[in-house]
Amino acid sequence: MPSIAEINDRIRKGTVRVMTTCELKQAVAERGVERVAEHVDVITTGTFEPMESSGIVLNLGHTDPPIRLHKATLNGVDAYCGIGAVDLYLGAAQAGEDLNYGGGHVIAALVAGKSVQFRATGMVSDCFPRRSFDTQITLNSVNQCYLFNPRNAYQNFIVGVNGGDRPLYTYLGTLQARLGNAIYASPGALSPLINDPQLKSIGIGTRIFLGGGVGYIAWEGTQHFPLQKRMPNETPIGPAATLALIGDLKQMAPRWVRGCRFHNYGPSLMLGVGIPLPVTDPSVVFAASVLDRDVVAPVIDFAIPRRVRPSFGLVTYEQLKSGHITIEGQRIRTAPLASIAFSMQVAQELQNWIRSGRFELTEPVAPLPLERNFLAQDQTILR
Amino acid sequence: MRKRVILTFPPAVVHMPVTYRLAKDFNIASNILRAQVAPDEVGKLVLELSGDIDQIEAALGWMRDQGIGVSLMGHEIAIDENLCVHCGLCTGVCPTGALSLQPETFLLQFRRTKCIVCEQCIPVCPVEAISINL
């Protein structure tokens, strides 16, 4: 099997063989792992889903007289300024004046080339005498602007239902009363980290597709929980590994970066993430050949607003994608929250990039940890 | 042709078997999309009428003569293709299956004839791609 360097040689020569994860699953079903592994160098995976733990780092550029940002808003959405004088961080889930507009919309507006209202007050000092600053900014009028997302690309997630008697407005959308619907948030067997369940092919420094530009895996994501219980095929039975991602917003494309909001819950960001898996071993093909019928998620009742909510057990993504699941004898319609159509398109786009020589693979700089506990905050005082 | 109408019944005419008369006298098939009818109260009925164009016009005139308020349903659900990301969240609240995902491509499909314009999909759409087209 080729090394990553040899795969990159093939990319430069234009002889690289790339399959999307959909194509790979079909090929393995027809020809088996060994035969397919001989004929593929890279598997591309993609997802397009709301990722509220996202945000931008932005450097405004210095004003004259200079300002040290104390409080700043972009289109009325608060940014965090406790870093350098004109550095700020704007979170995708930060709401503006109401729950229908927030950081995700501002980030998408910048990517779409729109101008954004910037308003700030300064913390006055002898270095930075300015008290306030108002202007319009665009992506081109600021120095750095990069996405730096603490938690993206969740390896599996939950399915939300509502066993109560009133509708619930959640981060999964509207859950109708009396088990009126079930909403799932992961594209299942298409999801990047489901195709590499033990994180063998990726690591810190892995180059990826992020919002239509080039990004990198920066770190493990927050709430990274690789020790989640797993199926015999090594896929987790619920939320598990996560990634912190970084990438230049100036390269991104509006198609893959969309502001969104959940009714009576708040704003978020829908983002396309694509991860290439180099086939340096047949086991990479075997892991990526996992099907929706072999990946499960827990059905969780949101009517109980506690940290540990009751579960109605596990369902497969094949059941979820069929449009209905059955819980306690009741037939419940399902709806996805991740765009399965766009997830497939992200994998195709990354496939095109690699085939055309625009995107080369990287060796990870360091592995992602496989041992992390999932701590809860119980207000105990440690002595 | 097909036409969607909203009928408002004063309490005095709630007893009238309107859909029967439409079928019998005007050869119109009426599909009840929404209904709110109770004895001695103002009733509302949303119908999709299908039949001959002249017969539908005649039926609308006859209903007005009976004191039934007739308004044409001008509004319908519109989906902005440039905004829609085909996430499918709207399919989880659509009561009639007018909004669904195609099984292979997972692209959103909207079957207008099944839509009862209940408008539940509008606030649910996370990218605000769904609106009422007046």
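The charged end of A:R255 sits over the ring of A:W256, 5.2 Å from the ring centre; a charge counts as over a ring if NZ of Lys or CZ of Arg is within 6 Å of the ring centre and within 35 degrees of the ring normal. A:R309 likewise lies over the face of A:F302, at 4.5 Å from the ring centre. This is a predicted model, in which local features need pLDDT of at least 70, side-chain atom pairs count only at pLDDT 80 or more, and totals for chains, interfaces and linings use all residues. Residues are numbered from 1 along each chain as its sequence is written, chains are lettered from A and ligands numbered from 1 in the order written, and side-chain values use heavy atoms, with hydrogens and water left out.

**Aromatic pairs**

- Over all chains there are 14 aromatic pairs, meaning rings of Phe, Tyr and Trp (its six-membered ring) with centres within 6.5 Å; planes under 30 degrees apart are stacked, over 60 edge-to-face and the rest tilted.
- A:F48 and A:W256 form an edge-to-face pair, at 6.3 Å centre to centre and with 65° between the planes.
- The two residues are 208 residues apart: A:F48 is in strand β2 (residues 42-50) of chain A, and A:W256 is in the loop between β16 (243-248) and β17 (257-262) of chain A.
- Helices (H or I, at least four residues) and strands (E, at least two) are DSSP runs, numbered from the N terminus.
- A:F48 is buried at 0% relative accessibility, and A:W256 is buried at 5%; buried means under 20% relative accessible area, exposed over 50%, partly exposed in between (1.4 Å probe, protein chains only).
- Ring pairs join A:F48 and A:W256 with A:F209, A:F342, A:W353 and A:F359 in a cluster.

**Helix α2 of chain A**

- The buried residues of α2 (residues 21-31) of chain A are A:T21, A:L24, A:K25, A:A27 and A:V28.
- These residues fall within an arc of 165° seen down the axis of α2(A), so they line one face of the helix; the arc is that of the directions from the helix axis to the C-beta atoms.
- Exposed residues A:Q26, A:A29 and A:E30 are carried on the face of α2(A) turned away from its buried side.
- After α2(A) comes A:G32, with a positive phi near 90°.

**Domains and confidence**

- Chain A is assigned domain 1 (4-52 + 148-355) and domain 2 (56-146), with bounds from an automatic or database domain assignment.
- The centres of domain 1 and domain 2 of chain A, taken over C-alpha atoms, are 32 Å apart.
- The model scores ipTM 0.93 and pTM 0.88.
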